[in-house]
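Reader: I have the model open here and a few questions about it. Can we go through them one at a time?

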Amino acid sequence: MSRIWDSLFSKNGLAAKEIAMKLVHVEEGSRIPRVDDLVNELALGRGTVQGALRVLENLNAVRLESKGHLGTFLTNKDLHLLKEIAGVGSLMGAMPLPYSPQYEGLATGLIETSEQMVNRLDLAYMRGSKHRLEALKSRRYDFIIMSHLAAEEELKHDDNLVIFQNFGPKTYVSSHQIFFANPNDNLIKEGMRIGIDHTSIDQSKITLLECEGIDVELVSVNYMQLFDNLMNGTLDAAVWNSDENRAKSAFKIGAFKSQKALSVSEKASTAVIVIEKDRQDELDQILQLNKQKIVSIQQLVVEKKKLPHY
């Protein structure tokens with residue numbers, strides 16, 4: 001790091017920072033802006049621009065080749081180094097713990113596609129959509145990932161939230177189902193103890209809809225502890241992410257009987273990015289995501305054709 005900044009504390013070095021940002025967007029093998037164009041656009045002297053380009057070459061951020069009247073071409077660049085010189089930071093996001101192939105794939109898609117963006121993405125992993133929302137509002141993160149269902153619920157109560165990107169059905173979870181401790185059960189009945197995690201908007205809303213009109217005992221429990229509570233008999237049933245492989249083999253699974261629960265389950269399967277509305281103009285410029293590529297990478301991870309990388 002020091003070798004970079006030591007070289008940039010000069011007139012040419014300061015100019016190199018501005019030009020580095022321009023070259024981030026130039027593809028290898030393409031012609032870079034002419035010196036005269038950089039002089040006019042950046043209000044710099046011709047000698048300063050030429051010196052700045054030498055600084056970038058000396059730092060091995062770029063390799064340039066002059067082709068006479070055709071101009072100067074960028075034959076190679078170190079994208080991460082160029083961004084560092086330009087002073088471009090990363091954007092921080094938060095998403096669920098990557099305990100399922102769906103989450104692993106989404107994280108992999110976001111990280112890999114961001115490597116070609118000016119502002120790289122870094123991800124933190126937090127359980128509970130309400131916790132992620134609190135972190136977004138406190139500006140600990142630039143964006144968060146949650147389900148479409150959870151996002152819509154929160155947008156009703158906070159007009160400074162907006163859905164920035166919708167990745168489509170089955171990008172958050174494949175589905176939610178009901179898991180029963182007793183293999184003879186296939187529907188929720190009166191007197192049952194039903195697990196509910198109030199920090200998970202999806203799980204709690206679907207649970208309440210499925211239990212509507214049935215006299216059950218709602219037991220507050222951490223979402224990640226549902227498995228153990230079903231296993232030890234503390235709970236009789238719980239709504240859970242069907243991507244949880246160990247639960248699928250351990251418990252009887254039932255479908256929703258409530259049409260209301262069924263109708264919201266697709267929104268609960270859809271991943272969205274939520275940001276603060278007052279930052280939308282800013283993030284429109286720098287959070288430019290290739291949705292199709294992200295979802296494609298996610299699917300490869302889910303199908304075990306690609307190793308997770310996040």
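Reader: Which residues of α4 are buried?
Author: This is a predicted model. In α4 the buried residues are T48, V49, G51, A52, L53, V55 and L56.

Reader: What span should α4 have, and what do its end C-alpha atoms give?
Author: The helix has 13 residues, so at 1.5 Å a residue it should span 18 Å. The C-alpha atoms at its ends are 19 Å apart, which agrees.

Reader: Which residues touch the most other members in the largest nonpolar core?
Author: That core has 29 residues, and the ones touching the most other members are I19, L23, V49, L53, L56 and L82. At least two core residues come from each of α2 (11–24), α3 (35–42), α4 (46–58), β1 (62–66) and α5 (79–86).

Reader: Which element gives the most to this core?
Author: α2, which supplies six residues.

Reader: And how many residues are in the second core?
Author: The second core is separate and has 24 residues, among them L91, F143, L289 and I294.

Reader: Change of topic: sheets. What is the strand order in the open sheet of five strands?
Author: The order is β9-β8-β10-β7-β11, and the pairing is mixed. At the edges are β9 (217–220) and β11 (252–254), each pairing on one side only. From one strand to the next the twist averages 35°.

Reader: Mixed how? Does β10 run parallel or antiparallel to β7?
Author: β10 pairs with β7 (residues 176–180) in the antiparallel sense, over five bridges. With β8 (residues 193–196), β10 (residues 237–241) runs parallel, and two bridges join them.

Reader: Which residue of β10 stands opposite F180?
Author: A237 in β10 stands opposite F180. I194 also stands opposite A237.

Reader: How many residues of β10 are buried?
Author: Five of the five, so β10 is largely enclosed by the rest of the structure.

Reader: And what holds paired strands together in general?
Author: Strands of a sheet pair through backbone hydrogen bonds, in either the parallel or the antiparallel sense.

Key:
Residues are numbered from 1 along each chain as its sequence is written. This is a predicted model: local features need pLDDT of at least 70, side-chain atom pairs count only at pLDDT 80 or more; totals for chains, interfaces and linings use all residues. Side-chain values use heavy atoms; hydrogens and water are left out. Two strands pair if DSSP finds at least two bridges between them. Helices (H or I, at least four residues) and strands (E, at least two) are DSSP runs, numbered from the N terminus. Axes are lines fitted to C-alpha atoms, for helices over the stretch in contact, and angles run from 0 to 180 degrees between N-to-C directions. A nonpolar core is a set of buried Ala, Val, Leu, Ile, Met, Phe, Trp, Tyr and Cys residues joined through side-chain atoms within 4.5 Å. Buried means under 20% relative accessible area, exposed over 50%, partly exposed in between (1.4 Å probe, protein chains only). The expected span of a helix is 1.5 Å times one less than its number of residues.
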